[in-house]
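Hi there,

Here is the structure I promised to pass on to you. Have a look at it first, and then read my notes below.

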Amino acid sequence: MKARRILFSSLLVVVSISSHAQTPQIQTLSVQSAWGGLGKPAHSDFSIHRQGNSYNAGRRAVPSNSLNAFMSAIQEAPIGIPTAANLGITAQWLREHADQAGGHASRLYYGDGLPDQKALFREAFEDQRTLPSRVKHVYESFHTDDYPHMRVQVVLQNGAQVTLTTDSQNPYMLPWCVTANGTTTKTYNANISRALFALLPPKFDNRGRLTDEFDSFNGLLSMLGEETASTVERRWDLMRAEHASADALSVLRSAYEVRSATVNSYHDLAFGKAWDGGEPHEENLHAALWRQGFPKSFTVTAILLRQNDKTEGANELLKRAPMYENLVFSVPWLDAYFKSHPEENAWLFYVHGESVTDKAMYVFAADMKAAGRVDLVTRVRSVQHQAALFESGHGDYWIILPDKTAILWRWESLDHILKWKVNEFPAHECTDYRTVSGGCAGAVISPDGVPESTRTNQTSSSEATPR
């Protein structure tokens, strides 16, 4: 109970003061606010002084009831976690703002959504059962290029002082740290922010953060909309894919479970056309496919070309994809690893009829030439259409050759690369679609799971040993 109290010198316990007690009178209130980040830094100062029975901020009179509202908010019991009720989120508020929140959900392109997609979002946004979790996630987020700060110093008539500080980027700048008489308490009480908002002049730095900024990316409505979007994104994308590629998905479902699907024009090192040169974007159906016999987290990333509103190649996939699947699982050490690590995510590429596409081959060749492994370019190119390309769950790309040799093309792991440590592989700089960490390796793994460098060292050591 002691930790829940803020002491104001000779006052009684102010945070838990009863509604029958008199609100302490403020003598002065000063606010310092600053902002830094990817832009011009800003700083503002503001103060209110009591003069007789009135309050003034410079030449402007400040209503005493506004000061009393701020003081009353400080006295409220601390709120340990952000709550919908305190933030003003009611069932009616959710209903009235669902479409507006969808407009802020940038990942969904809500304005272009199908009626069923919009209904899906609205239902999720208005769901009060998931609301506490979504609000919690909103207040766990942060922005790396945004550094606001606000400090409020309150001096009461009897000389007691209260300090409120916050560095929060989130709506209402919650939480506040309230310090009085040597005791600091953290509270997610939006009433403090609202009362302070009413006191500050319109152009005061960070003032807009103290209320719900409907049109701002960091306002409560927009952040709650983005959080809701994250919970429905997969179903939203699947609805769009079903609308655009129903026939193809039906064919795929005859042999696979479709775990997710989306239609887009994305590109990466193994698929799609780069968005440059003024050429039309290449639209594809992307589907994550799983079936009995696969490890739990292993899927086929099927990328099928869409032209003239038609999705091509679904029937061909049923014939050719098993060849690549069987190749991956025919590698003894790799099959054993996936069986003993069922949670390891892995994606086998199947793009427009093959696994190692011409685009992947082009990028691979450039990477290997830069890494001094031109020999691998020739080796892979000779069996390109029979080789399999897959990505492991740590951002690592592997090419499996028909003779069951594995080539670690590039890696991005920070802890391990399947059964090896990251320091066991080189990390040359990649030429395109560069990795954030790691790099291009060009490391060869034998069918029995021995890295080429290890085997070479073992052979050299054996040859150097006197008989």
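Below are my notes on the overall fold and on some charged pairs.

This is a predicted model: local features need pLDDT of at least 70, side-chain atom pairs count only at pLDDT 80 or more, and totals for chains, interfaces and linings use all residues. Residues are numbered from 1 along each chain as its sequence is written, and side-chain values use heavy atoms, leaving out hydrogens and water.

The protein chain holds 12 helices and 19 strands (DSSP runs: H or I of at least four residues for helices, E of at least two for strands, numbered from the N terminus). Of its 467 residues, 48% are buried (buried is under 20% relative accessible area, exposed over 50%, partly exposed in between, with a 1.4 Å probe and protein chains only).

Now for the salt bridges, where a side-chain nitrogen of Lys or Arg lies within 4 Å of a carboxyl oxygen of Asp or Glu. The count is 17.

- R410 and D367 pair up with their closest N and O atoms 2.6 Å apart. R410 sits in strand β16 (residues 406–411) and D367 in helix α10 (residues 358–370), 43 residues apart. Both R410 and D367 are buried.
- D99 and R122 form another salt bridge, at 3.2 Å from N to O. D99 is partly exposed at 43% relative accessibility, and R122 is partly exposed at 28%.

Happy exploring!
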